[in-house]
Amino acid sequence: MSVAGGPRGALTLGIGFLYAVWAIVIFDLHFFLGNVVAAPLGRAASLAYGTLLVMMAFQAPALIAFRELWVWYAPFLLLLLSAAATVPTAANLGFARMFTQYLLVYYVLAVASMVFVRSARHALPIIWMMFLQFAWWAIWAGSSGLVWWHPLLANYDGFGGLMVSGVGMCFWFGVGSQSKRVKLLLFALAGYCVMGVVASYARGAFLSLVALAAWVWFRSPRKMLTTGGIALAAVIVVVAASAIFDSGFFWSEIRSAFEEGAETGTGAMRWALWTAAWRVFLEHPVLGVGAGNFGVFAAGFFKPGEIPEIPNPGAFYGMNLHNAYFQILSELGIVGIAAFLWLLVDFQRRNKALRQPEAIERWRALTGGTFDLRYVALAVEAANVANLLSGLFYASLYGQWFYVIWALNRVLWAVTASGTPTMAVSPRTTRTRVRRSRPG
């Protein structure tokens with residue numbers, strides 16, 4: 001039997017293992033096991049990624065033979081290839097290889113999901129994992145605004161940016177849930193995420209939260225409900241700011257973002273970093289200097305004092321750019337930014353298809369109406385907008401958060417769009433065939 005074998009809608013070896021990899025990526029279990037339990041367990045996660053890659057390799061001949069080009073996710077593949085192309089010439093080969101491997105993991109997960117998730121019901125556990133991750137982070141962070149064992153979320157900026165994504169996602173999943181208990185859980189998680197933004201006291205995260213609230217209201221088909229949710233979020237911000245911090249600290253920190261501007265403090269430093277990133281891009285405009293290599297290249301490229309805010313260019317080596325878009329430009333060049341923009345266009349096209357009446361009805365019939373697809377689509381869109389907003393303040397390109405949202409969006413489209421070509425594997429033979437039918 002093929003790993004993807006079995007009747008449509010049944011759980012198989014392929015889909016079961018895929019869920020395990022989704023859990024590792026979403027909950028960052030490799031970091032948890034390696035840093036909390038035992039280091040060898042963290043390294044064992046590589047075996048899971050490798051196994052999934054082997055499973056995809058077995059499916060590749062059939063996908064190529066039957067011209068299933070849509071499965072290969074061309075814009076994401078271009079982004080991956082743009083990173084891989086610079087590995088041999090990068091100033092720090094190890095950084096370039098490591099961050100390209102991250103993109104490879106996310107790409108394999110996205111493509112494998114479209115191959116093995118052949119039923120709308122198969123997509124439901126992924127939706128559950130997407131929002132339950134915020135309960136997981138709440139257990140570890142509480143009101144501290146940090147997850148101590150996580151390399152990115154042990155930083156206030158990283159934690160705050162993730163919480164912004166959780167606000168819109170959990171709110172819309174809650175609106176779309178048909179279960180009152182699940183609805184209450186999701187609204188509580190959305191409230192926790194608002195509190196998490198405050199606990200991080202990250203100025204970029206708070207500004208992103210305000211902008212996201214405006215976007216959610218603008219996109220909402222239920223304006224009164226959304227207005228009430230935003231008002232409750234505002235109350236949570238005020239109460240959390242008073243409960244977690246000394247009087248006035250949080251609001252003083254937020255005001256400083258406007259008082260500093262681009263001339264003083266961290267505002268001046270970020271402007272200097274972005275200026276340097278633009279100079280690096282102009283030096284290598286097509287493919288950039290390689291994944292994770294901005295700081296390495298800049299440390300050897302600039303002369304002492306050339307960037308006044310960073311007089312010693314060696315300091316660039318370990319610096320964070322604090323902007324995903326300058327990160328793409330400087331490290332992956334025009335090809336990388338073109339792939340990124342193509343990914344955004346692809347996302348919006350698929351997400352729009354999810355909100356069509358035919359797709360909503362098909363999803364309801366296939367899943368029993370556990371979640372309303374209209375609000376699932378809005379939840380995924382809100383998370384994507386949150387990631388894009390946070391990307392203005394944080395260099396988040398190599399974290400998983402962009403990619404798991406894009407992968408889920410494509411999977412939902414694949415199992416609900418009429419006429420989408422889907423892989424059909426006979427349970428009695430290893431012969432793979434392709435058919436066009438209503439997926440699900």
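A charge is taken to sit over a ring if NZ of Lys or CZ of Arg is within 6 Å of the ring centre and within 35 degrees of the ring normal. By this criterion, the charged end of Arg350 sits over the ring of Trp413, at 4.3 Å from its centre, and the charged end of Lys223 sits over the ring of Trp217, at 5.1 Å from its centre.

The model is a predicted one, in which local features need pLDDT of at least 70 and side-chain atom pairs count only at pLDDT 80 or more, whereas totals for chains, interfaces and linings use all residues. Residues are numbered from 1 along each chain as its sequence is written, and side-chain values use heavy atoms, with hydrogens and water left out. The average pLDDT (the predictor's confidence in each residue, from 0 to 100) is 88 for the protein, and 90% of the residues score at least 70. Over residues 1-9 the pLDDT is below 50, and this stretch has 31 contacts (heavy atoms within 4.5 Å) in the model beyond near neighbours in sequence.

Aromatic pairs, in which the ring centres of Phe, Tyr or Trp (its six-membered ring) lie within 6.5 Å, come to a count of 49. One aromatic cluster is formed by Tyr73, Phe76, Tyr106, Tyr107, Tyr325, Phe340, Phe402, Tyr403 and Trp406.

How values were computed: Phe/Tyr/Trp six-rings, centres within 6.5 Å; stacked < 30°, edge-to-face > 60°.
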